[in-house]
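This report walks through one model, topic by topic. Please keep the sequence and the structure in view while reading.

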Amino acid sequence: AFVLCGLTNVVLPNSVISIGNYAFWECNLANVAFGSNLACIGYGAFQYCSKLTGVGIPNSVTNIGNYAFDECSSLTNIMLGSHVNSIGDNAFCLCTSLTNIIIPDSVTYVGSRAFNSCSHLTNVVFGTNVTSIASLAFNSCTSLKNIAIPNSVRSIGAGTFANCSSVTNVAI
């Protein structure tokens, strides 16, 4: 692992299929390029990488682990691949520069506090297969304007949209 490292750029080859827990924890990464065979991003893999600005997650990824990008405060753009089926607890918590997120149709589960305190998040588009949005998933997203819950959703956890003071429209 590269915990507390000075790395600023990482290019992962196609041979990498998994990024382990805390692999790049609190690194100075600004850019990460993932190989096309990456399947899993582990627990806290990029947690506290406060200089990371954009992440494109390849279609091969099926799981984004808990705390994977927690407190990546410069992250403005996330492109989730078309095979991601779950977004872990706290996966993008406190990504305070994030403005938009499109959750692809492949996602069925959005974890607890997954986007908690993403204070500049204004727009969320849910895919058509999300069945569960866990507790506090969008808590304190104070810039969120509109919420449209798709017909596929069967459960919305406690406090999922608590403290979202800018919400003007909710469609369920």
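## The largest pocket

The largest pocket has a volume of about 160 Å³. The model is a predicted one, and that applies to every value below.

Strand E7 (77-79) supplies at least two lining residues, and so does strand E9 (100-102). How is the lining made up by class? Six residues are nonpolar and four are polar. No charged residue is part of the lining.

## The open sheet

Seven strands build an open sheet. Their order is E2-E4-E6-E8-E10-E12-E14, and the pairing is parallel. The edges are taken by strand E2 (18-19) and strand E14 (155-156). Each of these two has a single partner strand, so one side of each lacks a neighbour in the sheet.

One pair shows the detail. Strand E4 (residues 40-41) and strand E6 (residues 63-64) run in the parallel sense and share two bridges. Which residue of E6 is the bridge partner of Ile 41? The partner is Ile 64.

## The nonpolar core

In soluble globular proteins, nonpolar side chains tend to be buried together. Here the largest nonpolar core holds 52 residues. Phe 69 and Phe 115 touch the most other members.

What does Phe 115 contact, beyond its neighbours within four places in sequence? Its contacts include Ile 87, Phe 92, Cys 93, Leu 98, Ile 101 and Ile 103. Val 110, Leu 121, Ala 137, Phe 138, Asn 139 and Cys 141 are in contact with Phe 115 as well.

## Positive phi values

Most residues other than glycine have a negative phi, and most peptide bonds are trans. Tyr 22 is not a glycine, yet its phi is positive, about 60 degrees. Tyr 22 sits in the loop between E2 and strand E3 (31-33). Its relative accessible area is 34%, so Tyr 22 is partly exposed.

Ser 117 has a positive phi too, near 60 degrees. Its place is the loop between strand E10 (109-110) and strand E11 (123-125). Why does Ser 117 count as buried? Its relative accessibility is 19%, and buried means under 20%.

## Loop residues and their contacts

Tyr 48 lies in the loop between E4 and strand E5 (54-56). Tyr 48 counts as partly exposed because its relative accessibility is 29%. Its contacts are Trp 25, Glu 26, Cys 27, Asp 70 and Glu 71. Tyr 48 and Ala 68 are 20 residues apart along the chain, and their C-alpha atoms are separated by 9.3 Å.

Ala 39 is in the loop between E3 and E4. With a relative accessibility of 27%, Ala 39 is partly exposed. Ala 39 touches Ile 17, Ser 60, Val 61, Thr 62 and Asn 63. From Ala 39 to Phe 92 the C-alpha separation is 18 Å, for 53 residues along the chain. Ser 106 belongs to the loop between E9 and E10. Its contacts are Gly 81, Ser 82, His 83, Val 84 and Asn 85. Ser 106 and Val 10 are 96 residues apart along the chain, with 27 Å between their C-alpha atoms.

## A residue in strand E15

Where does Ala 171 lie? Its place is strand E15 (residues 169-171). Ala 171 counts as partly exposed because its relative accessibility is 41%. Buried would need under 20%, and exposed over 50%.

Ala 171 touches Ile 147, Ala 148 and Ile 149, not counting residues up to four places away in sequence. Gly 88 is 83 residues from Ala 171 in sequence. In space, the two are 24 Å apart, C-alpha to C-alpha.

Key. Residues numbered from 1 in each chain as written. Predicted model: local features only at pLDDT ≥ 70, side-chain atom pairs only at ≥ 80, totals over all residues. Heavy atoms only, no water. 1 Å grid on protein atoms, 1.4 Å probe; cavity = no way out; pocket = protein on both sides within 12 Å on 5 of 7 lines; lining within 4 Å. Points joined across faces, edges and corners; volume = space filled by probe spheres on them. Helix = DSSP H or I, 4+ residues; strand = E, 2+ residues; numbered from the N terminus. Nonpolar A, V, L, I, M, F, W, Y, C, P; charged D, E, K, R; others polar. Buried < 20%, exposed > 50% of the residue type's maximum accessible area, 1.4 Å probe, protein only. Contact = heavy atoms within 4.5 Å. Pairing = 2+ DSSP bridges. Core = buried A, V, L, I, M, F, W, Y, C linked by side-chain atoms within 4.5 Å.
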